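Biologist: Could you take me through the aromatic pairs in this one? I'd like a close look at a single example, with the cut-offs spelled out.

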Number of protein chains: 2
Amino acid sequence: MNKLVIAGSLAFDAIETPFGKTDKIIGGASPYIALAASFFGVTPQIVSVVGGDFPKEFVSILNSRGIDTDGVKIEADGKTMFWAGKYNNDMNQRTTLATELNVFATFSPSLPESYQDAKVLMLGNTTPVVQRNVIEKMHHRPDFIVMDTMNFWMDSMPQELDTTISMVDVLTINDEEARQLSGEYVLLKAARKILSRGLKYLIIKKGDNGAMLFSKDGDMFFAPALPLDTVCDPTGAGDSFAGGLCGYVAAKGSYDFETMKAAVIAGSTMGSFCCEKFGTENLQTLTNEMVNSRVETFRRLTSFNF
Amino acid sequence: MNKLVIAGSLAFDAIETPFGKTDKIIGGASPYIALAASFFGVTPQIVSVVGGDFPKEFVSILNSRGIDTDGVKIEADGKTMFWAGKYNNDMNQRTTLATELNVFATFSPSLPESYQDAKVLMLGNTTPVVQRNVIEKMHHRPDFIVMDTMNFWMDSMPQELDTTISMVDVLTINDEEARQLSGEYVLLKAARKILSRGLKYLIIKKGDNGAMLFSKDGDMFFAPALPLDTVCDPTGAGDSFAGGLCGYVAAKGSYDFETMKAAVIAGSTMGSFCCEKFGTENLQTLTNEMVNSRVETFRRLTSFNF
């Protein structure tokens, strides 16, 4: 099975939404990415760090989905990263109540030898310095590198961010971030400007308004978000999207536009499942049949005979 | 050729956008609807009223596109309706600077005999009383009635609005209006609640985030908005959408979900053309080839092989 290396946080999250409130549950980017990817026929391999307080049972859950955790460093005396956030009624805005980096503050990634032949590398949202570090720890550059980032790094370390962007194939950001990064309001113009940095693809996520894929050759693809009865908790939806996307392309081992279109649907599918329950709960209990059935729902949602 | 009766304003518009400013140009709902519909093989028939100041040349332009204007009353001593508006930088918000109803204030629609065998009736956004009046002026109820409305009528005459909604097959509103009309934030729930009033279909327009079609049987369809380099002037985009939609179904003479899906694409196609220039300018100069080619662009934008 093809391997997909995933660099990203493992954390405790405390989440409050109009639908309820969680105690500390497992969060961070990498479990969402890895669980979502695990439905597409790849071996996800996590690079991360946790403290001695991180539950072994959750590692077992990951392993039972075929996820390799050999690259997860355990700092026995340290504390796992913690994040607390609260969503507004419309679920599109959230407020960060607390971020305690803990062991993540001094994270220096190291990659097991078994990770070195991965074809695809997914860099979850974290400091661009750590992201670049992971790329440099690979003995050979992977065939395809996907990078998530956010406005925080655009504000706080724009030069480091630029450097890391120049090293990857795909960038995933939201519409506001695309505007900020490019200085262009119109998304089509923003996309062209960002792609001109040398990216193969840019993905602009628009929350419950779907996601857009742009290629350096000027191709475009649009995936709607699935209208859901209840968006219980959007935490991790972007990471689940990235996981579906990278899992799909890593399994196929091809990175052309046709593959990327289907990969964006895989990502949208996993993002939609993620939102239906708190944390990674839904991703832990899905079946392949449920995933395939939802892909068909996406197909029906946009296909037409004129 | 099947006939499509279109009831809606004819007006002078003065529009200001970040891209420029117009003097008084021809606007109102019905020219956008009729011009957009005229590309799909129907005879659009306008019901409206203008003053003596309305330019005969514009009537000739409509007629040259096969649009029937026998139902346009000319009040020689009156003034044509006038609207002035200004768009913000993001083009999603606009401020009305002036509305002078003039001859439209006392408009009592009358339908020529030649309009009576139309299969489809499109009620452009105007007072629900006038809209109901038009339905009642048809000797036989048309097979399919589509109605546009807006938040202004929800605030100012909710009971009249409810009555008119109960008489039609399709309602087109935007996302905020759907929330207001239903009292539900989640669009899927809003749609179900609004459909339960007896509609066959509800269309929720989301501006540059596309449009959604919901059926009373629980079917859903999503059409993206085409990402455009330049949105010059969004005035009339919703009317152009309605025109493409009604033109398509009236030409087909069928109103099932499959037809409605393609009709929503026809509408999105015409809405996208409308935005590229000021007023009805683009709709006047399009060719069928340009329309068909853009429908294909829409198909490519969302189709994928998983």
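Modeller: Over all chains the structure holds 23 aromatic pairs, where rings of Phe, Tyr and Trp (its six-membered ring) pair if their centres lie within 6.5 Å. Keep in mind that this is a predicted model, so local features need pLDDT of at least 70 and side-chain atom pairs count only at pLDDT 80 or more, while totals for chains, interfaces and linings use all residues. Side-chain values use heavy atoms, without hydrogens and water, residues are numbered from 1 along each chain as its sequence is written, and chains are lettered from A and ligands numbered from 1 in the order in which they are written.

Now zoom in on Phe144(A) and Tyr255(A): their rings are stacked, 4.5 Å centre to centre with 20° between the planes (stacked is under 30 degrees, edge-to-face over 60, tilted the rest). Phe144(A) belongs to strand β10 (residues 144-148) of chain A and Tyr255(A) to the loop between α8 (237-252) and α9 (257-275), so the pair ties together parts 111 residues apart in sequence. Helices (H or I, at least four residues) and strands (E, at least two) are DSSP runs, numbered from the N terminus. Both Phe144(A) and Tyr255(A) are buried, meaning under 20% relative accessible area with a 1.4 Å probe, protein chains only (exposed is over 50%, partly exposed in between).

Over in chain B, Phe144(B) and Tyr255(B) are stacked too, at 4.5 Å and 20°. Phe144(B) is buried at 1% relative accessible area, and Tyr255(B) counts as buried at 18%. Back in chain A, Phe144(A) and Tyr255(A) form one aromatic cluster with Tyr201(A) and Phe257(A).
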